[in-house]
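Thank you all for making time this morning. I would like to walk you through one structure, slowly, for those of you who have not seen it before.

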Amino acid sequence: MTGLSERLRAAAEEIWHAQHDHPFVRGIGEGTLDGARFRFWLRQDYLFLIEYARLLALASAKAPDLDTMTRFAGLLHTTLHEEMALHRSYSADLGIALPDLERERPAPTTRGYTDFLLRTAAIGDFVELLSALLPCMWGFNEIGLALAERGSPDHVGYARWIEMYSSSDFTALVDWLRELTDRLGAGLPAATEQRLRETFLTSSRYELAFWETAWSRS
């Protein structure tokens, strides 16, 4: 029998396929994405990361054991001190001044997605939190790996983006998160798994909407 993470992924196949086929994602892989669209995505993703860090803090607080707590605390530190620094570096390279980045306001999809994640983390149990978190990390890794298989684009910035999300370290992190979900989600009642499926699907829909928001810049 497949693990919970694989069953959740199968339920969202249509949504995830649409992500892979989205013109924003294809544009990164081909190196042809309009720079204004990528800059919009970068500014919104920077705001997303701030709230994502809060989600990781809640994950650490709700973790069922010390090892898991420590792993999420480490991921929180990496997000705040490395991934956000990388976004600031990206922004500087693209001509986005730090004050402008800090003044950015969340688009409706960004606000809706982060509110959903934090509400789920605050009132749901730990496995539901994992089900909400998985589509973000796993989805980016799957896209990064798929784009890397097609070859690196000539665009240096987009090649770096693909390298980051297809890296062995990021893949190992996603594998760990899936294994954790499978272990804690084993033997759950059907009604509970259905609830987790709906959570996973909602996050997946927001992931797709985030690409569309960046594409339309709205």
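Predicted model: local features only at pLDDT ≥ 70, side-chain atom pairs only at ≥ 80, totals over all residues.

Residues are numbered from 1 along each chain as its sequence is written, and side-chain values use heavy atoms, with hydrogens and water left out.

When I say helix, I mean a DSSP run of H or I with at least four residues, numbered from the N terminus. Let me begin with helix 1, residues 4-11, and helix 10, residues 168-184, whose axes come within 7 Å and cross at roughly 105°. The axes are lines fitted to C-alpha atoms, for helices over the stretch in contact, and the angles run from 0 to 180 degrees between N-to-C directions. Helix 1 and helix 10 are therefore roughly perpendicular to each other, a label that covers angles of 65 to 115 degrees, whereas angles under 35 count as roughly parallel, over 145 as roughly antiparallel, and the rest as oblique. Where they meet, Leu4, Ser5 and Glu6 of helix 1 are in contact with Arg178, Thr181 and Asp182 of helix 10, contact being heavy atoms within 4.5 Å. By class, the residues of this contact divide into 1 nonpolar, 2 polar and 3 charged; here Ala, Val, Leu, Ile, Met, Phe, Trp, Tyr, Cys and Pro count as nonpolar, Asp, Glu, Lys and Arg as charged, and the others, Gly among them, as polar.

Now please turn to helix 5 and helix 9, whose axes come within 12 Å and cross at roughly 170°, and that makes helix 5 roughly antiparallel to helix 9. On the helix 5 side the contact involves Glu83, Leu86, His87, Ser89, Tyr90 and Asp93, and on the helix 9 side Gly157, Arg160, Trp161, Met164 and Tyr165. This contact has 5 nonpolar, 3 polar and 3 charged residues.

What does Tyr90 touch, if we do not count residues up to four places away in sequence? Its partners are Phe38, Leu42, Gly157, Arg160 and Trp161. Tyr90, which sits in helix 5, residues 66-93, is buried, with a relative accessible area of 4%; buried means under 20%, exposed over 50%, and partly exposed in between, with a 1.4 Å probe and protein chains only. Although Tyr90 and Arg160 are 70 residues apart along the chain, their C-alpha atoms are separated by 9.9 Å.

In helix 9 itself, residues 156-165, the buried residues are Gly157, Tyr158, Ala159, Trp161, Ile162 and Tyr165, and what covers them includes helix 3, helix 4, helix 5, helix 8, helix 10 and helix 11.

Helix 2, residues 13-20, has Ile15, Trp16, Gln19 and His20 buried. These four cover an arc of only 140° around the axis, which puts them on the same side of helix 2, the arc being that of the directions from the helix axis to the C-beta atoms. On the other side of helix 2, Glu14 and His17 are exposed. The buried residues of helix 2 pack against helix 1, helix 3, helix 8 and helix 11. Gln19, for example, counts as buried at 2% relative accessibility, and, leaving aside residues up to four places away in sequence, it touches Val25, Ile143, Ser204, Glu207, Leu208 and Trp211.

That brings me to the charged pairs. Side chains of opposite charge can pair when their charged atoms come close. I count a salt bridge when a side-chain nitrogen of Lys or Arg is within 4 Å of a carboxyl oxygen of Asp or Glu, and by this rule the count comes to 13. One of them joins Arg178 and Glu6, with the closest N and O atoms 2.8 Å apart, and this pair links distant parts of the chain, since Arg178 is in helix 10 and Glu6 in helix 1, 172 residues apart. Arg178 counts as partly exposed at 21% relative accessibility, and Glu6 likewise counts as partly exposed, at 35%.

Another salt bridge brings together the side chains of Glu128 and Arg195, at 2.6 Å from N to O; Glu128 lies in helix 8, residues 126-149, and Arg195 in helix 11, residues 190-216, so that 67 residues separate them. Glu128 is buried, at 13% relative accessible area, whereas Arg195 is partly exposed, at 33%. Finally, Arg7, Glu193 and Arg197 are linked in a network of salt bridges.

How values were computed: Helix = DSSP H or I, 4+ residues; strand = E, 2+ residues; numbered from the N terminus.
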